[in-house]
Amino acid sequence: MEPTHPLESTMVLLDRIRVGDRNARNQLLARYRPILQAWAHGRLPAHARGLADTDDVVQVTLIRALNRLTEFEYRHEGAFLSYLRQGVLNAVRQEVRRARRRPTDSPPDESLADGSASVVECAIGRETLERYETALLELGPDQREAVILRLEFGLSHPEIASALGRPSANAARMLVVRALAELAKRLADE
Amino acid sequence: MSEPKLDPDLERTAGQVADHETPDWELETGNHPDLRGPLAALRMMARLAAAHREVRRRFEPDRSVDPGAGADDPEQREPAFSWGFLRALDPIGEGSFGEVWRAWDPSLEREVALKLRRLAPAAEGVPALLRTSDPATRYWLDEARKLARVRHPNVLTVHGAAQHEGRAGLWTELVRGESVEARLAREGPLPSLEAARIVRDLCRALTAVHAAGLVHGDVKAANVMLEPASDGPTRVVLMDFGAAHAAGGDRETRGWLAVSTGTPLVMSPEVLRGEPATPAADLYAAGVLLFRLLTGRHPVEAESLDALRDRHERGERLSLAELRPGLPPAFARLIDRALAKRPEDRPEGAAELARALEPLAGPVRGRMAVLAASLAAVALVVAIASAIAWFERPSDTRFVPPERLPGPQVAAMRLGDIAPGEGRGEQFGNGEAGIGDANGDGFADVIVAGAHFSGARYLQGRVALFLGNAAGRLGKPAWVGYGRAAGDYYGAFVAAAGDVNGDGLADALITDQAARSSDHQEVGSVALYLGSKQGLEPEPVSRVTGWQPHARFGAAISGIGDVNGDGYADVAIGASNWSHRHPYEGAVFVYFGGPHGLPSRPDWRLFGGERDAWLGALMTRVGDVNHDGYADLLVGSPGWKGGHAAVVGRALLYLGGPHGLATKASWSVEGDQPSAAMGYAVGGAGDVNRDGYDDVIVLQPGWSGRGVREGRMLLYLGGPHGPSRTPAWTAHGFSAATGLSSGGPAMGDVNGDGLPDLQAGSWLYSASADRRQLGIAAVYLSPREPRAPHPAWYLAGDDAGTPIAAWTAPAGDFNGDGLGDLLVGQSGWYRGDQRGRVLLFLGQRTTSRR
């Protein structure tokens with residue numbers, strides 16, 4: 001992610017996009033596209049990756065987001081990335097469903113019949129990933145965004161501080177640590 | 001309400017996961033069986049994070065520069081200047097002491113870092129040429145010579161020190177990497193193992209320095225470099241001995257030197273009191289560095305020197321335990337000892353501190369100098385097998401004027417041709433420009449960019465040249481240029497340069513938006529390609545590089561005509577995020593053309609003058625506004641506030657002359673609405689009223705009249721004393737929430753009535769209440785009556801998924817029929833593997849029916 005500044009923050013870019021600033025639009029696309037592409041690539045199963053272009057999944061999500069700027073209530077940069085992540089995740093799930101062939105006489109098979117899984121599913125298991133996603137939603141928005149930004153997008157603590165409006169990198173780090181501990185307790189309590 | 005207290009062991013392990021460290025899971029679980037469940041969850045999250053890191057690693061662009069693509073050869077480069085036998089090439093940095101340059105040592109054929117002491121102001125009656133370095137220089141040179149005797153892998157190697165023509169300098173090894181300060185800014189507090197390793201190696205350096213009888217005097221994060229090594233751990237290098245001095249010597253001088261040349265926040269209490277700095281003071285500073293690496297803060301902070309001294313006296317220090325909970329107690333005690341108020345309570349020497357840190361140290365992560373990303377291994381999926389249901393594919397030729405556009409339109413333009421992009425995701429048409437006649441065949445030529453093109457390198461970018469012809473067909477490109485490195489976004493901006501080298505052929509400017517400096521900072525660069533019989537020369541004749549990271553150098557580029565009357569066209573480059581005296585004030589740099597292209601340094605500079613003024617966003621050539629034979633320069637500052645309560649923006653005109661551009665603006669206009677971004681884009685209109693004076697356009701894309709921020713374009717007529725004070729004509733945007741943005745308003749004569757016409761585009765245009773963005777390109781015929789504010793011709797997109805007018809630009813007379821033509825980019829368009837396209841519209845003779 002680019003270093004942020006009042007003129008470079010996503011909020012200002014969105015505002016400039018609304019007045020037709022093409023530079024800002026390109027900057028926003030250039031900023032978020034690579035990071036979302038990498039994320040989506042880790043979440044698309046191999047068989048769906050063969051049918052859906054990771055590029056297009058992300059491109060379409062970004063264009064939809066830019067086309068619906070009036071619908072998005074901007075809180076801070078972290079929330080915007082989290083919003084885009086959810087959009088890409090929905091698109092990924094849609095592509096996975098689309099790629100499956102369901103016989104009419106059998107219920108939808110939620111497991112991946114051919115055994116292939118996304119990179120992240122290979123690492124922790126599909127069921128665990130779903131539990132993780134569910135537990136994430138139970139966290140407060142700041143803690144949830146802190147976990148996503150650090151674990152999934154690999155943002156640095158200064159970047160997280162800027163993205164979530166924290167006063168310092170160390171404050172952001174402490175937010176991440178507490179959020180991880182809280183998430184760990186919730187997952188353990190299930 | 002305070003947060004509930006966390007189990008400290010759980011918090012500590014969560015901290016390790018947050019820092020990407022690897023806890024000993026078996027040990028942790030064995031020692032804390034009551035935390036088995038949460039520890040297992042943390043372990044899962046660590047694996048999830050590692051999986052995402054692995055995917056990102058595969059996606060990381062290869063930032064190595066292809067040696068075959070014109071890599072910088074310091075031996076061949078023309079130097080900026082010579083100092084003694086050294087040839088200064090590029091500025092690396094500057095500070096209160098002077099400047100640092102990357103230089104070439106021809107005697108040993110190697111690159112070096114050349115540090116030049118700043119010259120003292122000229123004494124009264126002394127010519128400026130006879131200025132010499134300030135008196136403290138002699139101490140500096142003496143200590144540099146002593147430092148040259150220190151040979152240690154963690155100490156910067158000094159090759160020599162001398163004075164040439166009154167200017168003192170020293171040259172050292174050139175360390176490539178990033179400072180610890182930069183690492184902190186980028187990543188925040190470091191993992192404890194890495195922090196310990198860095199300071200351990202630093203202490204080894206200090207051991208060698210102290211053994212040579214020297215004290216560093218300014219040990220801080222900015223003076224410690226991390227140099228990645230391809231075959232081993234990252235090398236920690238202690239730099240900047242500007243405050244260094246002998247450990248013995250005159251007490252008063254040493255005390256003055258210590259306080260005047262060091263950095264207060266890292267100074268030990270005794271130095272702040274005015275006592276001489278000793279090796280113990282360097283150890284204190286090492287403790288401060290360790291504290292900062294772990295927390296991001298200095299242990300004692302204050303707003304002034306006096307307040308800092310008071311806090312030291314009272315022993316007021318930030319709590320390490322609160323800022324970095326979970327730090328091993330032994331580590332915390334060691335830092336406390338290094339930060340002891342009395343020198344005698346600190347470790348006995350740097351070697352003792354290094355030994356104490358050894359068991360706490362881990363590997364220092366280097367920033368990958370070369371990322372071997374095999375694109376084949378991470379090849380993206382080739383084709384879409386099924387439609388994505390979110391939007392329908394646009395038709396190729398149907399453009400339906402939406403119902404919300406007012407007024408009848410005249411058939412001023414006709415579709416000439418469409419050229420699609422090639423590579424997936426390249427966003428072909430994100431920028432285009434008519435550059436004039438590059439190959440001398442009498443037809444105007446155009447360049448079109450796909451800055452997101454990924455070929456041999458990911459997101460390297462691509463620009464294609466299409467030669468004009470009588471058929472008005474784009475056809476296949478006659479020339480294609482590519483970015484040199486991954487992530488360059490070559491072609492982020494393109495523009496006509498004019499005839500820079502005076503050979504009668506038009507030249508082109510192309511920006512690498514993400515071009516990086518030798519220490520991997522994004523600085524941007526602009527390449528000048530000369531016209532040739534084949535179209536454009538294969539390699540740029542000049543490449544101008546920014547020198548301030550993330551300043552958007554090259555986001556605005558334009559040939560501006562011949563401002564100094566030497567027969568060569570000149571070039572302006574904007575950097576709207578430039579910080580000179582004020583943060584993000586923006587800057588415009590002008591480079592005078594010549595027979596060999598452009599100089600490496602600008603000939604004229606302008607800065608925004610206030611914080612966030614954002615000078616130099618978009619600009620194009622305005623021509624000769626006062627008809628004195630010299631081209632003029634119009635710049636905009638959309639973030640300018642002046643004395644107003646809110647940001648209003650403004651535009652300024654600088655007249656050309658025999659000595660170049662004037663230093664003061666001869667004309668300016670301010671915005672009349674807050675946040676309307678007056679001056680966001682500025683350009684020439686040609687001589688609209690045919691009075692011999694070129695006229696100017698100022699865009700105000702955030703202006704709100706009928707609706708919300710529809711934007712407008714203002715025309716000011718040129719005259720002998722500059723443009724008029726009030727606009728002669730105003731054009732409005734089309735619907736609520738639409739701005740106006742374009743690649744230069746001057747279209748030439750589109751309809752054959754002898755008057756130059758104007759164009760503007762907006763990809764944000766939406767036709768209906770659902771606010772789906774279709775985009776629109778519009779042509780305004782030169783006004784015969786001032787009150788007609790609407791376009792005579794327009795083209796609106798019909799598909800919200802791929803709006804048109806990502807960029808619009810005049811093409812010049814592409815088909816040689818004497819009429820101006822128009823380029824409209826649609827970078828979001830796609831079909832199969834193709835991504836983005838450009839539409840060429842040709843002017844046609846018509847009668848206005850307004």
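**A helix and its surroundings**

Start with H8(A): 9 of its 12 residues are buried, so this helix is largely enclosed by the rest of the structure. (A residue counts as buried if 20 or more other C-beta atoms lie within 10 Å of its own, as exposed if 12 or fewer do, and as partly exposed in between; the C-beta atoms are placed from the backbone.) Helices here are DSSP runs of H or I with at least four residues, strands are runs of E with at least two, and both are numbered from the N terminus.

A quick word on what you're looking at: this is a predicted model, where local features need pLDDT of at least 70 and side-chain atom pairs count only at pLDDT 80 or more, while totals for chains, interfaces and linings use all residues. Residues are numbered from 1 along each chain as its sequence is written, and chains are lettered from A and ligands numbered from 1 in the order in which they are written.

Back to H8(A). Its buried residues include A:Ala146, A:Val147 and A:Ile148. Just after the helix, A:Gly154 takes a positive phi of about 70°.

Now find helix H10 (residues 169-189) of chain A. The axes of H8(A) and H10(A) come within 9 Å and cross at roughly 100°; axes are lines fitted to C-alpha atoms, for helices over the stretch in contact, and angles run from 0 to 180 degrees between N-to-C directions. That makes the two helices roughly perpendicular, the word for 65 to 115 degrees (under 35 is roughly parallel, over 145 roughly antiparallel, and the rest oblique). Among the residues making the contact are A:Ala146 of H8(A) and A:Leu180 of H10(A), where contact puts C-beta atoms, placed from the backbone, within 7 Å.

**Over to chain B**

How much of helix H10 (residues 305-314) of chain B is buried? Hardly any: the count of buried residues is 1 among its 10. Just after H10(B) comes B:Gly315, with a positive phi of about 70°.

Further along, look for an open sheet of 4 antiparallel strands, in the order S37-S38-S39-S40 (chain B). S37(B) and S40(B) stand at the edges with a single partner strand each, so one side of each has no neighbour in the sheet. Strands pair if DSSP finds at least two bridges between them, and S37(B) and S38(B) have 2. B:Gly748 has B:Asp757 in S38(B) as its bridge partner.

Last stop: B:Gly657, in strand S30 (residues 656-657) of chain B. B:Gly657 is partly exposed, with 15 other C-beta atoms within 10 Å.

Key: Contact = placed C-beta atoms within 7 Å.
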